[in-house]
Amino acid sequence: MMLLSDLGPGLADAFLDLFVGGRCAGCAAPGRALCTSCADELRAPPRRRWPDPVPSGLPPPWCVAEYAGAVRETLLAHKEHGRYGLARALGRALGEAALAAAGPVRASSCWLVPVPSRPAVVRQRGHDPVLRMARVAAAHARSRGVPLRTVPCLHAARVVQDQADLDAAQRHANLSGALRILPRYAGEADGRLVVLADDILTTGSTAAEACRALRAGGARVRGVATVAATVRRRPARRDLGPPLPLIGRGD
């Protein structure tokens, strides 16, 4: 019996368009959920991408793509439109960023901690996209011999304002003290190597607050892994104060 994978990318896309009516989440081309060209954008080597300004306490952030074009559309399709099949490609990209952020991990497992979504948002979407991608990312890392384990140990300690219309300074103030480690993980987090996971890095305020909460529980945060990061086209006013000293900062 011939399998769809035996047809090759071009014929497989034509078959799906003809009989299923599928379209690429990234570019809307007829065919598979993610065409070869858009999938390749998620296979780029991970690199550090610092926000501007850099929030205090933010460890090195790693991503594989800019939050624009096909990558943006793919992330939105997974997050907002429930296209769960995209989690594989997105999770693999997140896994590559997590491997870069973790660095050498030998003796004990490293936690991959997803940034928590608000329960109301999870109910509205019907799933937790970052947690879903983080699980794929950890499995990808383990397939590469790195003992990464997804641990959703953070939760909201208080209600925060929606951040869509807030600038970097306002997000920083809005999130200060907003996250904590769940009590059942408190003892186990002490001394644990951790990589923080999220889908997108924008101002870095959410990641910085999550890292603060993890450090407050004794965790050793190695870095931040995301699929994509926004790129500021012009320098911002540096009004959040200098970042904590970090080893290996740079692009």
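This is a predicted model: local features need pLDDT of at least 70, side-chain atom pairs count only at pLDDT 80 or more; totals for chains, interfaces and linings use all residues.
User: Where does Leu 148 lie, and which residues is Leu 148 in contact with?

Analyst: Helices (H or I, at least four residues) and strands (E, at least two) are DSSP runs numbered from the N terminus. Leu 148 belongs to strand E5, residues 148–150. A contact needs heavy atoms within 4.5 Å. Leaving aside neighbours within four places in sequence, Leu 148 contacts Ala 98, Cys 110, Trp 111, Leu 112, Ala 138, Ala 141 and Arg 142.

User: Let's zoom out. How many helices and strands does the protein chain have?

Analyst: There are 9 helices and 9 strands. Of the chain's 251 residues, 47% count as buried. Among contacts between residues at least 6 apart in sequence, 73% join residues at least 24 apart.

User: Which residues have the most contacts inside the largest nonpolar core?

Analyst: The general idea is that in soluble globular proteins, nonpolar side chains tend to be buried together. A nonpolar core is a set of buried Ala, Val, Leu, Ile, Met, Phe, Trp, Tyr and Cys residues joined through side-chain atoms within 4.5 Å. Here the largest one has 40 residues, and those with the most contacts inside it are Leu 75, Leu 112, Val 195 and Val 227. Elements giving two or more residues to this core include helix H3 (69–80), helix H4 (87–102), strand E4 (110–114) and strand E8 (193–201). H4 gives the most, with 8 residues. Apart from this core lies another, of 28 residues, among them Cys 63, Tyr 185, Leu 201 and Ala 219.

User: What does Leu 112 touch?

Analyst: Not counting residues up to four places away in sequence, the partners of Leu 112 include Ala 98, Ala 134, Leu 148, Val 151, Val 195 and Ala 197.

User: And how many aromatic pairs does a search of the whole structure find?

Analyst: Rings of Phe, Tyr and Trp (its six-membered ring) pair if their centres lie within 6.5 Å; planes under 30 degrees apart are stacked, over 60 edge-to-face, and the rest tilted. The search finds 1 such pair. The rings of Trp 111 and Tyr 185 have centres 6.1 Å apart and planes at 80°, so the pair is edge-to-face. Trp 111 is in strand E4 and Tyr 185 in the loop between strand E7 (179–181) and helix H8 (186–189), so the pair ties together parts 74 residues apart in sequence. Trp 111 is buried at 0% relative accessible area, and Tyr 185 counts as buried at 16%.

User: Which residue lies over the face of Tyr 84?

Analyst: A charge sits over a ring if NZ of Lys or CZ of Arg is within 6 Å of the ring centre and within 35 degrees of the ring normal. In this case Arg 132 lies over the face of Tyr 84, at 4.2 Å from the ring centre.

User: How should I read a helix, say H3? Which residues of H3 are buried?

Analyst: An α-helix has 3.6 residues a turn, so residues three or four places apart point the same way. In H3 the buried residues are Ala 70, Val 71, Thr 74, Leu 75, Ala 77, His 78 and Lys 79. The expected span of a helix is 1.5 Å times one less than its number of residues. The 12 residues of H3 should span 16 Å, and its end C-alpha atoms are 16 Å apart, which agrees. Just after H3, Gly 82 takes a positive phi of about 65°.

User: What joins Asp 52 and Pro 53?

Analyst: A cis peptide bond, with omega about 5°. Pro 53 is in the loop between strand E1 (47–48) and strand E2 (61–63). For another backbone feature, see Ala 28, which has a positive phi of about 70° although it is not a glycine. Ala 28 counts as partly exposed, at 43% relative accessibility.

Notes:
Residues are numbered from 1 along each chain as its sequence is written. Side-chain values use heavy atoms; hydrogens and water are left out. Buried means under 20% relative accessible area, exposed over 50%, partly exposed in between (1.4 Å probe, protein chains only).
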